[in-house]
Amino acid sequence: MSDHTISVTLTQIAKMIDHSLLHPTMTDSDIVSGLRTARESNVATACVKPYLIPLAKKELSGSDVQVCPVIGFPHGNSTTEIKVNEAIAAAEAGGSEIDMVINIGKALGGDWEYVSQEIDAINRAVVSRGAILKVIFENDYLESEHIIELCKICTKLEVAFVKTSTGYGFVKQTDGSYNYLGATIKDLKLMRAHSGPGVQIKAAGGVRTLDDLLHVMSIGVTRIGATATVAILNAAKARGIGEQPVTVSFQPMTEKAGGY
């Protein structure tokens, strides 16, 4: 008998999900459809590009699904001043959770003062406007020591969440192709171990199935970014998960082809 089990409800699973509507080719009609999915699925948030905040507010009005805009997305290379202003505009337009991308090159270069000051400035701007901040590391570009240092910085600055990936951090492979792993169990465990208890963990990129969600939940992740929201929730219902807590087993991500 597998020891990979967890007790959950359908609402708990839904409220683990930030429904991602971030692909660059999405039209307004695609976004409206996605926002209706987010509303009907009763997820935690709909994750949108900044220009879509008014539309998201309109479509999600009357529900408790929050609007989660992204800033400095997906590469984090704008100046700190621009990122702060973008965060302020996003919060004032109605974003209640703001996902930002760090300056990856500065992290890789070890300029931790720059990285820390930028996160601090954005966090202060967001929190002072009644929103919370999720800090995206883009782990595919980083080594474990960078991830650990970022967790320490975010803990000191009391950010709400640290997040693995944008889902768009494609890295050139040895064969010339571009791909990414996104959220891995190894990195998620590392982030949980080195973040303070007040900092939550968001897994994004590669969490595509109910089993994936249950596995990351079991190691302390409290939010995921997902495009496969409907499939995940339908799988949960098919497995007998409803509004009363039920214990279910899951296939760990480490056993999957291509593994983590």
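A residue is termed buried when its relative accessible area is under 20%. By that cut-off Glu138 is buried, because its relative accessibility is 2%. The model examined here is predicted.

Glu138 is found in the loop between β6 (132–136) and α7. Most residues other than glycine have a negative phi, and most peptide bonds are trans. Glu138 is not a glycine, yet its phi is positive, at about 65°. Glu158 lies in the loop between α7 and β7. Its relative accessible area is 66%, so Glu158 is exposed. A cis peptide bond is found between Phe73 and Pro74, with omega at about 5°. Pro74 is placed in the loop between β4 and α4.

The structure holds 2 aromatic pairs. Phe73 and Tyr168 form an edge-to-face pair, with 6.0 Å from centre to centre and 75° between the planes. Phe73 belongs to the loop between β4 (66–71) and α4 (80–92), and Tyr168 to the loop between β7 (161–163) and β8 (171–172), so the pair ties together parts 95 residues apart in sequence. Phe73 is partly exposed, at 23% relative accessibility. Tyr168 is partly exposed as well, with a relative accessible area of 21%. Phe170 and Tyr180 form another edge-to-face pair, at 5.0 Å centre to centre and 90° between the planes. Phe170 sits in the loop between β7 and β8, and Tyr180 in the loop between β9 (178–179) and α8 (185–194); the two are 10 residues apart. Phe170 is partly exposed, with a relative accessible area of 37%. Tyr180 is buried, at 19%.

Lysine side chains also meet aromatic rings. The charged end of Lys106 sits over the ring of Tyr114, 4.8 Å from the ring centre. For Lys134, the charged end sits over the ring of Phe161, and the distance to the ring centre is 5.5 Å.

Helix packing was described for two pairs. Two packed helices are described by the angle between their axes and the distance between the axes. Helix α2 (residues 28–41) crosses helix α3 (residues 53–60) at roughly 40°, and the axes come within 9 Å. The angle makes α2 oblique to α3. The crossing of α2 and α3 is right-handed. On the α2 side, the contact is made by Asp28, Ile31, Val32, Leu35, Arg36 and Arg39, and on the α3 side by Leu55, Ala56, Glu59 and Leu60.

Helices α6 (residues 112–127) and α7 (residues 144–156) pack at about 40°, with axes 10 Å apart. Here too the arrangement is oblique. α6 and α7 cross in a right-handed manner. Trp112, Val115, Ser116 and Ile119 of α6 meet His146, Glu149, Leu150, Ile153 and Cys154 of α7.

Cys154 is buried, with 0% relative accessibility. Its C-alpha atom is separated by 7.8 Å from that of Ile119, a residue 35 places away along the chain. Beyond neighbours within four places in sequence, Cys154 is in contact with Ile119, Val135, Phe137, Val159, Val162 and Val199.

How values were computed: Residues are numbered from 1 along each chain as its sequence is written. This is a predicted model: local features need pLDDT of at least 70, side-chain atom pairs count only at pLDDT 80 or more; totals for chains, interfaces and linings use all residues. Side-chain values use heavy atoms; hydrogens and water are left out. Rings of Phe, Tyr and Trp (its six-membered ring) pair if their centres lie within 6.5 Å; planes under 30 degrees apart count as stacked, over 60 as edge-to-face and the rest as tilted. Helices (H or I, at least four residues) and strands (E, at least two) are DSSP runs, numbered from the N terminus. Buried means under 20% relative accessible area, exposed over 50%, partly exposed in between (1.4 Å probe, protein chains only). A charge sits over a ring if NZ of Lys or CZ of Arg is within 6 Å of the ring centre and within 35 degrees of the ring normal. Axes are lines fitted to C-alpha atoms, for helices over the stretch in contact, and angles run from 0 to 180 degrees between N-to-C directions. Angles under 35 degrees count as roughly parallel, over 145 as roughly antiparallel, 65 to 115 as roughly perpendicular and the rest as oblique. A crossing is left-handed if the near helix is turned anticlockwise from the far one by less than a right angle, and right-handed if clockwise. Contact means heavy atoms within 4.5 Å.
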